[in-house]
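Morning, everyone. I'll talk you through a few points.

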Protein chains: 2
Amino acid sequence: MSMNTYSAQVRVTLKRGVLDPQGKAIEGALDSLGFEGVNQVRQGKTFDIKLDANSKKEAEVSLTAMCEKLLANTVIEDYAVFVE
Amino acid sequence: MSMNTYSAQVRVTLKRGVLDPQGKAIEGALDSLGFEGVNQVRQGKTFDIKLDANSKKEAEVSLTAMCEKLLANTVIEDYAVFVE
């Protein structure tokens, strides 16, 4: 079975209801710079990952395991996996 | 003219060629955890922003200005703006 290399993106964001002081600070800074109409800013992380797998499905399963074990703190964060 | 509220996502990533020690550390950690086939990890940031604007185009223009002025360090980072 031949391996393919997949490009994936993992997005990790704070769960709704979890305080995001960094996002609040950015909101304040944007206001200070004169940007009007900004109601909310929430900061998150992305991971662009290149990995070898036998199929797209296998890549997705592997990336989900990476999120559960390392990339996300599932107590306070949600994650989403996108494989090209 | 009535204002609409738009949900936008801004993604900020390191330019190609800029060293990403945090990404390298994650690569090493994934390897230690037994994940095979990971060739590259690059970490970036996302900003989920809710803002009022007269049109989607106006929202995009405003978000691009926010990237240039605050959200991204354009010397070493690229950014992409997505408005829903």
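Start with helix 1 of chain B, residues 21-32. How far apart should its ends be? Take its twelve residues at 1.5 Å a residue, and the helix should span 16 Å. The end C-alpha atoms are 16 Å apart, so the model agrees with the expectation. Keep in mind that this is a predicted model.

Now, which residues of this helix are buried? They are G23(B), I26(B), E27(B) and L30(B). Look at the spacing. An α-helix has 3.6 residues a turn, so residues three or four places apart point the same way. Look down the axis of helix 1 of chain B: the buried residues fall within an arc of 105°, so they line one face.

Turn to the face pointing away from that buried side. There you find exposed residues: P21(B), Q22(B), K24(B), A25(B) and S32(B).

What covers the buried residues? From chain B, the cover includes strand 2 (38-53). From chain A, it includes strand 2 (38-53) and helix 2 (56-71).

Just a word on what comes next. G34(B) follows helix 1 of chain B, and its phi is positive, near 95°.

Last, the two chains together.

Notes:
Residues are numbered from 1 along each chain as its sequence is written. Chains are lettered from A and ligands numbered from 1 in the order in which they are written. This is a predicted model: local features need pLDDT of at least 70, side-chain atom pairs count only at pLDDT 80 or more; totals for chains, interfaces and linings use all residues. Side-chain values use heavy atoms; hydrogens and water are left out. Helices (H or I, at least four residues) and strands (E, at least two) are DSSP runs, numbered from the N terminus. The expected span of a helix is 1.5 Å times one less than its number of residues. Buried means under 20% relative accessible area, exposed over 50%, partly exposed in between (1.4 Å probe, protein chains only). The arc is that of the directions from the helix axis to the C-beta atoms. Contact means heavy atoms within 4.5 Å.
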